[in-house]
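Open the model in your viewer and keep the sequence panel beside it. The stops below can be followed in order, each with something to select.

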Protein chains: 2
Amino acid sequence: MKKLGKQTIKFDNPPTILETASIVGPKELNGPLAKYFDKCLEDEFWGEKTWEKAESKIIKETVNTVIGKSGVPSDKIEYCFAGDLLNQCISSSFGLRELNIPFFGIFGACSTFVEGLSLAAVFAENGIENVLCAASSHFCSAEKQFRFPLELGNQRPQSAQWTVTGAGSAIVSKSGNGPYITHITTGKIVDMGIKDANNMGAAMAPAALSTLLTHFEDTGRKPSYYDAIITGDLGEVGKEILTELALGKGYNIKSNYNDCGCLIFDNKTQDTHSGGSGCGCCASVFSGYLFRQLRDKKLNRILLMATGALTNATSSQQGESIPGIAHAISIEL
Amino acid sequence: MKKLGKQTIKFDNPPTILETASIVGPKELNGPLAKYFDKCLEDEFWGEKTWEKAESKIIKETVNTVIGKSGVPSDKIEYCFAGDLLNQCISSSFGLRELNIPFFGIFGACSTFVEGLSLAAVFAENGIENVLCAASSHFCSAEKQFRFPLELGNQRPQSAQWTVTGAGSAIVSKSGNGPYITHITTGKIVDMGIKDANNMGAAMAPAALSTLLTHFEDTGRKPSYYDAIITGDLGEVGKEILTELALGKGYNIKSNYNDCGCLIFDNKTQDTHSGGSGCGCCASVFSGYLFRQLRDKKLNRILLMATGALTNATSSQQGESIPGIAHAISIEL
């Protein structure tokens, strides 16, 4: 691997994304991508007594599914990178405690899945055969933890996003026939002073812009190089802001840009307002939908850029703004 | 780098720990290691209005201190790995939001600092010049979040540990004159069913045993190879359990084994019961005390193994047990 510019690593022997899997919840079952997921649950509990336990089960079974589909024996998977939105990332640590694979816990809020793919790619490029990545979120556990009790039936402004119930998982391998992770552009923390916890898209868009511009500068590529530029998860509001900000900097991404939070729900009919969010949104949209598009050669080159809002409930109560971060990876056939 | 055995990576060109820094709180100022820290605070707030903001300031100033001491311009530091115990790791993301360095958030509970050093070493071995690591904890913010309001004056059983107020930070560099990170042994999640949140040492000791035995098996080394084997943070209770468990497996570590949680406080006179804990414990004890011992050649080879309890307040209330993890690194002159 070698460093390109300020924040990008280019891989000399790009690792392959060998296989992916995704499991999502009932709201996602009614969304436009339902047919791409390995499993859609009919309720938010999946037989568990609490939402937190259900989320752990979702990430556990998603990981079991990707291992099963890949045909790689689990003792040949050398490392795991995983994280989620729950306090102290308990969805991952409880869900994956029987995995028996060396484990690196990561936290990048909704950018976690691409953070994991980035680190996995560095490991695979440097001789590690197979690395597992996973991330999850759950609408009910997230609302309970970050916002209000669901029983309150609180109203949500139009800029609010809807946390995806779901998980995505991928196995990144040293060798294989692609799709390949060719570059990673790792984001810096960007805080433009947005304080509205119901407008995460606006809080994260400047971080997405920073990473996007840096990626183009570091690689010398232009937006048109990619069949698709996909953020996760700015939602409708953040997507529009990013499109405008990028145009102001001379990059027109209108024709090939979309966002996982805009893809996973029909935001007009599903009452999801600005769109999906949560670690599980980008993870499941990539692992379900985008990976199949790549494998079927409907997409040949994508820039996947996950964005995270690095905040919690206490910091909002203490009047803090919301720092954002965005991690990008180039995935090419 | 190359894989040794099941869980260990051996570095062909071992990265150097170029510099470290540590800032701790008032309780640590009265402990036996006070003279080794760069700064000891006189109160838990450091001029901030909340404990969370104070913790962010501690990690921020610790990072500024290590960058200043190292002489490396901050634009030559290519990546940062950092994490803490607060929900969604806000100490790191708020404290380091002005850092302007590509940022990977990590979570390994009290194992976070060694997780960061492990990942930094992989990056530095593979061509990245300088990588920053940091971790923090704060007694007051941790008690508030994980246990009871401090104002309650709740009693603590003798097996309870005392979260360290403090942060440690290190710069890991591709080239330098040591001390070198020669091996990393990454832990698996181990859950032996301990449910007592006031006995984290017992919950984490089996994970420490797993990583310790695996490290010896993977490297072919024996306990006597090391001048010191240092865990962080099993405390007095966990230290005794690990010593006994290791002896039962044929490894006698009695003569050269200690724990950061036993070193940072005088547990008999400081009312800290089983000893220190928290991401900041291992981070500050290594960055303050152990690094100087290595630099002064009082120690030549150490195995630093940080242990984490992957739990949160909700999981305890839901009757879950406490999974543990332990990450080890060999540091040699």
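Begin with strand 11 (residues 228-232) of chain A and strand 14 of chain A: the two run parallel and are joined by 5 bridges. Bear in mind throughout that this is a predicted model. To see how the two strands line up, select Gly232(A), which stands opposite Ala306(A) in strand 14 of chain A.

Now turn to the other partner of this strand. Strand 15 (residues 324-332) of chain A runs antiparallel to strand 14 of chain A, and 9 bridges join the two. Select Arg301(A) and you will find Glu332(A) of strand 15 of chain A opposite.

Is strand 14 of chain A enclosed or open to the outside? Color residues 301-309 of chain A by accessibility: 8 of the 9 residues are buried, so the strand is largely enclosed by the rest of the structure.

**Salt bridges within chain A**

Stay with Glu332(A) and show its side chain together with that of Arg221(A): they meet in a salt bridge, 2.9 Å from N to O. Arg221(A) belongs to the loop between helix 6 (200-219) and strand 11 of chain A, while Glu332(A) is in strand 15 of chain A, so the pair ties together parts that are 111 residues apart in sequence. Both Arg221(A) and Glu332(A) are buried.

Next, select Arg292(A) and Asp38(A). They form a salt bridge whose closest N and O atoms are 3.7 Å apart. Arg292(A) sits in helix 9 (residues 279-295) of chain A and Asp38(A) in the loop between helix 1 (26-29) and strand 4 (39-40) of chain A, so this pair ties together parts that are 254 residues apart in sequence. Arg292(A) is partly exposed, at 29% relative accessible area, and Asp38(A) is also partly exposed, at 31%.

For another pair, go to Lys174(A) and Glu129(A), where the closest N and O atoms of the salt bridge are 3.9 Å apart. Lys174(A) is in the loop between strand 9 (166-173) and strand 10 (180-185) of chain A, and Glu129(A) is in the loop between helix 4 and strand 7 (130-137) of chain A, so parts 45 residues apart in sequence are tied together. Lys174(A) is partly exposed at 39% relative accessible area, and Glu129(A) is partly exposed at 36%.

Over all chains, the whole structure holds 30 salt bridges.

**The interface of chain A and chain B**

Show both chains and select the residues in contact: 55 of chain A and 55 of chain B. About 4800 Å² is buried between the two chains, and carbon and sulfur atoms give 59% of that area. Which three residues of chain A supply more of its buried area than any other three? Select Gln88(A), Arg97(A) and Ile189(A), which supply 15% of the area that chain A buries against chain B.

One to display joins Lys3(A) and Glu78(B), with the closest N and O atoms 2.9 Å apart. Across the interface there are also 34 residue pairs in polar contact.

Finish on helix 4 (residues 112-125) of chain A, which gives 5 residues, the largest share of the side of chain A that touches chain B. Coloring that side by residue class shows 25 nonpolar, 20 polar and 10 charged residues.

Technical notes: Residues are numbered from 1 along each chain as its sequence is written. Chains are lettered from A and ligands numbered from 1 in the order in which they are written. This is a predicted model: local features need pLDDT of at least 70, side-chain atom pairs count only at pLDDT 80 or more; totals for chains, interfaces and linings use all residues. Side-chain values use heavy atoms; hydrogens and water are left out. Contact means heavy atoms within 4.5 Å. Buried area is the accessible area (1.4 Å probe) that two parts lose on being put together, summed over both. A salt bridge is a side-chain nitrogen of Lys or Arg within 4 Å of a carboxyl oxygen of Asp or Glu. A polar contact is a pair of N or O atoms within 3.5 Å; within protein, one must be able to donate a hydrogen and the other to accept it, and residues adjacent in sequence count only if both atoms are side-chain atoms. Helices (H or I, at least four residues) and strands (E, at least two) are DSSP runs, numbered from the N terminus. Ala, Val, Leu, Ile, Met, Phe, Trp, Tyr, Cys and Pro count as nonpolar, Asp, Glu, Lys and Arg as charged, and the others, Gly among them, as polar. Buried means under 20% relative accessible area, exposed over 50%, partly exposed in between (1.4 Å probe, protein chains only). Two strands pair if DSSP finds at least two bridges between them.
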